[in-house]
Amino acid sequence: MTTKVDGAGASDVDYLIIGAGMCGLYQLHQLLEIGADVRVVDANSGLGGTWFKNRYPGCRFDSESYTYQYSFSPELLAEWDWQEKFSAQPETLSYLEHVADRFDLRPHITFDARVVRAEWSEADWRWTVSFEDGSQIRARFVLYAMGLLSVPTYPRVAGRGSFGGLETHTFDWPEDYDVTGKRIAVIGTGASGVQVITDVADKVSELYVLQRDANWCTPLGNGPISEEEMARLRASYDEIFAWCRETPAGFIHRPDRTLSTDVTREERLRHWEELYNGQGAGLYMGNYRDTIMEPGPNKELSEFVAEKIRQRVKDQRVADLLIPKDHGFGTKRVAGESGFYEAFNQDNVELVDLMAHPIQEVTEAGVRLDLGGGKVRDLELDAIVYATGFDAVTGAFDRIEIVNGEGEHLKDRWEDGPETCLGVQVSDFPNMFILVGPQSGSATANFPRGIEDVVNWMTETARHIESHGIARFEGRREAEVAWVEHVREVNAKLLLSQTQSWFNGHNINLDRDDKPRVMVYLGGAPRYRRRLQEEIDQEYPSFVLTEGSGPRQSVRAGSAAASG
Ligand code: NAP
């Protein structure tokens with residue numbers, strides 16, 4: 001199937017995928033299926049991406065396990081039993097390892113291969129990809145599957161790195177570290193912080209939760225999956241996947257078409273009670289749709305959840321601190337929790353309000369808090385855990401020097417925010433495909449569901465490339481401008497687009513200005529899937545495709561060679 005390009009310079013490989021996580025593995029499998037010449041490289045020493053790296057205690061996903069798996073293979077679906085309703089990191093990593101073994105993917109993956117530079121040559125239409133160790137691979141096409149959250153960020157506080165004990169980001173948690181009896185500070189109460197805090201609270205001797213802003217959390221409703229339940233789920237996989245394909249975020253939860261104002265307050269509260277006590281992200285994703293679009297309904301829902309926090313936390317001063325003040329419920333990603341609030345009822349757990357008492361510095365013994373008026377408080381610790389989030393979405397791209405034929409760096413192009421052609425390409429960066437990245441509908445969906453859409457599109461596109469002898473595939477600038485505008489418009493309808501979170505490019509730990517960026521596409525996975533399918537059906541009108549074997553042919557054929 002693969003047509004080797006016989007241009008000026010030979011390639012080492014036709015398709016180079018960067019990243020052996022959930023997305024990269026699936027793309028590898030699909031390209032192998034169509035007979036493509038493909039290789040995967042990954043900076044880590046093992047596969048799994050997010051699930052290889054995040055080994056902190058309590059790490060798990062908020063997606064129902066049976067929706068967080070590949071759907072492409074009936075045999076795989078038949079043989080894998082999920083143990084928990086919301087699988088923890090070790091089980092998810094085992095699943096991905098099983099997939100790699102079952103489909104014999106490992107021989108096609110090179111580990112410990114960190115990409116530092118990728119440069120496009122106009123002379124022979126190849127990418128030269130350079131690695132940290134100085135080695136290089138030349139590829140016709142480079143496919144980026146590096147994850148949205150693979151570059152951790154740290155607070156810019158004095159003394160960081162000088163602590164004598166364990167000082168780690170959740171992303172780099174050393175798996176063999178035993179927290180039993182230790183004095184630990186966790187900085188940050190996003191989804192990662194909430195999980196690690198809950199998990200270690202009853203094992204450590206002292207736990208200090210250093211919180212800047214509170215985040216909304218709802219009960220996950222986790223528990224084991226019995227054999228009978230597993231059999232019932234397996235028998236319903238077709239319906240489950242079909243349902244998830246139609247929900248905006250690829251979850252089993254779907255926003256209610258009913259408005260909260262269409263029902264009585266009594267009905268609303270009863271419904272919210274059910275959702276709160278149900279499973280997963282129902283209150284967040286399966287609620288009356290105006291609760292995430294209109295400030296009034298959102299305020300009422302926020303107050304409902306705030307009251308839950310007041311009921312669960314004994315000390316009302318602590319409860320009040322745990323109730324977000326800077327954003328309404330569901331206007332940032334809501335974290336699923338399993339006893340997070342009850343942890344604060346334990347004597348060994350203390351909530352430290354960083355707004356009142358900021359970190360002055362990290363010392364050799366722990367963390368020094370600034371109490372104001374020249375007073376300080378020293379927390380003596382065994383471990384400091386930064387649950388402070390990521391240089392999300394574009395961070396992994398920024399860390400590679402990606403250079404086009406004009407010598408322009410992608411990082412410079414994206415300085416004021418990313419611009420992509422349908423979330424899959426960037427104009428003037430030919431033959432570079434983004435599988436997981438900015439403005440892609442696949443990225444903010446329940447991940448396996450979302451990435452299947454973009455990988456399936458990419459696979460069809462690779463088929464087209466090979467069968468039509470396409471040497472160059474490049475997003476049109478006008479399509480890029482239109483897409484960014486569309487994403488901006490669609491996102492503006494949701495309150496999510498108005499808050500300071502990684503969804504909108506905020507991260508004040510970075511040395512860049514903190515203005516909002518159009519990072520994610522909130523128009524929903526079905527709409528995104530349809531949009532990508534249109535490109536296939538209409539022979540890629542948003543892209544310029546050039547047939548032939550290299551630059552010489554394109555010059556000869558001129559624009560006649562470009563289809564679409
Ligand atoms: P995050 O949501 O960005 O949260 C970072 C936390 O660190 C926030 O509480 C933030 O406070 C705090 N923080 C950041 N810089 C700080 C500083 N300089 N000083 C003090 N506090 C600081 O990061 P995350 O918790 O790692 O989650 C990121 C994403 O990963 C989630 O949105 C989710 O998509 C994914 N995730 C999912 C799961 C799951 O499925 N259950 C679990 C973990 C992660 P402010 O709010 O004040 O900025």
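Buried means under 20% relative accessible area, exposed means over 50%, and partly exposed lies in between, with a 1.4 Å probe and protein chains only. Keep that scale at hand for the tour.

This is a predicted model, where local features need pLDDT of at least 70, side-chain atom pairs count only at pLDDT 80 or more, and totals for chains, interfaces and linings use all residues. Residues are numbered from 1 along each chain as its sequence is written, and side-chain values use heavy atoms, with hydrogens and water left out.

**Stop 1: Arg265**

Select Arg265. Arg265 is partly exposed, at a relative accessible area of 48%. Its place is in helix H8, residues 265–277 (helices are DSSP runs of H or I, at least four residues, numbered from the N terminus). Arg265 and Glu300 are 35 residues apart in sequence, and their C-alpha atoms are 9.8 Å apart in space.

**Stop 2: the two domains**

Colour domain 1 (10–47 + 105–151 + 392–547) and domain 2 (166–386). Such bounds come from an automatic or database domain assignment. The C-alpha centres of the two domains lie 31 Å apart. Their contact (heavy atoms within 4.5 Å) takes 19 residues from domain 1 and 23 residues from domain 2.

**Stop 3: the nonpolar cores**

A nonpolar core is a set of buried Ala, Val, Leu, Ile, Met, Phe, Trp, Tyr and Cys residues joined through side-chain atoms within 4.5 Å. Select Tyr70, Leu207 and Phe344. Of the 131 residues in the largest nonpolar core, these three touch the most other members. Next, show helix H15, residues 447–468, which gives the most to this core, with eight residues. Where does this core lie relative to domain 1 and domain 2? Both domains give residues to this core, so it lies between them.

Zoom in on Phe344. Beyond its neighbours within four places in sequence, Phe344 is in contact with Ile197, Val209, Val313, Val318, Leu322, Val349 and Leu351. Apart from this core lies another, of 29 residues, including Ile18, Trp125, Met146 and Ala471.

**Stop 4: the ligand**

Asp62, Ser192, Arg212, Asp213 and Asn509 come nearest. Helix H5, residues 191–200, gives the most to this shell, with three residues.

- A ligand nitrogen atom is 2.7 Å from an N or O atom in the side chain of Asn509.
- A ligand oxygen atom is 3.0 Å from a polar backbone atom of Ala191.
- A ligand nitrogen atom is 3.2 Å from a polar backbone atom of Arg60.

Key: Helix = DSSP H or I, 4+ residues; strand = E, 2+ residues; numbered from the N terminus. Near = heavy atom within 4 Å. Polar contact = N/O pair within 3.5 Å; in protein donor to acceptor, adjacent residues only side chain to side chain.
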